[in-house]
Amino acid sequence: MSYLGLQTDLVSFKGHNGDTSEAYYARPTKPGKIPGVVVIMHLPGWDEWIIEVARKFAHHGYAAISPNLYSRNGPGSPDDVGARVRAAGGVPDAQVVGDVGGSMAYLRAQPNSNGKVGLIGFCSGGRHAYLAACSLPGVDALVDCWGGNVVVDDPKALNAKRPLAPIDLTEKLDCPMLGIFGNDDHNPTRDQVNRTEERLKSLARNYEFHRYDGCGHAFFNTMRVSHRPEQAIDGWEKVFAFYHKHLG
């Protein structure tokens, strides 16, 4: 087997409200046009595993960018910054959508871009990916990995930072969607995943869901005890087959 050479770097991009923000960018060094993927971080933050995911996509032939959604919250280790952001109630949805849109624009502006861009998010990033795909033009494919709070059962969970449940925007979803879920997860629960699927089906959206027994939250994450290698391998195969079909 011949492996691709990779190039990685920290880059600046224009995010929400034109703010200059930072991102991790990884791409294969082979010549030619390639698709792009925005890797949307999970609630713990812009940590080592999320960076590994970006490199994984580059290894498989994609240009991947992972924006630091907490970049406005000061310096420090990912754990410390993430703790501060969580204590403050997270980042505003509008800010995340703006940063994702800026990340998509960065990918498409690169000379190696084939013009296609997909989104993938994990945990809160799965919710953000769903929200962004329903809010931004030009998303070519969406992958939601166990995104919590796509369905909101408690109205008190909505606030100025998170004014809407993403499921209520599903009619605006205009790209194929792949969902990856663990059947032992508590957020989203099986019932919440069922209701998301019912909404997608009722609106005749192009989607496929894969659910895994014996898995809870974050079962792709190799740095957590929740990691389930067999199911994660199968899940990643589903992700790459989906992107190959819809991004090229």
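**Cavities in a predicted model**

β3 (34–40) and β5 (113–122) each supply at least two residues of the lining of the second largest cavity. The structure is a predicted model, in which local features need pLDDT of at least 70, side-chain atom pairs count only at pLDDT 80 or more, and totals for chains, interfaces and linings use all residues. Residues are numbered from 1 along each chain as its sequence is written, and side-chain values use heavy atoms, without hydrogens and water.

**Exercise 1.** State which residues line the second largest cavity.

*Solution.* Begin with the terms: on a 1 Å grid over the protein atoms alone, a cavity is a set of points where a 1.4 Å probe fits but cannot get out, and lining residues have an atom within 4 Å of a point. Strands (E, at least two residues) and helices (H or I, at least four) are DSSP runs, numbered from the N terminus. Next, list the lining: Tyr-25, Ile-34, Pro-35, Gly-36, Ala-63, Leu-107, Gln-110, Asn-112, Ser-113, Lys-116 and Val-117. Finally, the volume of this cavity is about 40 Å³, a volume being the space filled by probe spheres set on the points.

**Exercise 2.** Determine whether Pro-111 is buried or exposed.

*Solution.* First, locate Pro-111 in the loop between α3 (93–109) and β5. Then take its relative accessible area, 67%. Buried means under 20%, exposed over 50%, and partly exposed in between (1.4 Å probe, protein chains only). Pro-111 is therefore exposed.

Note on methods
On a 1 Å grid over the protein atoms alone, a cavity is a set of points where a 1.4 Å probe fits but cannot get out, and a pocket is an open set with protein on both sides within 12 Å along at least five of seven lines; lining residues have an atom within 4 Å of a point.
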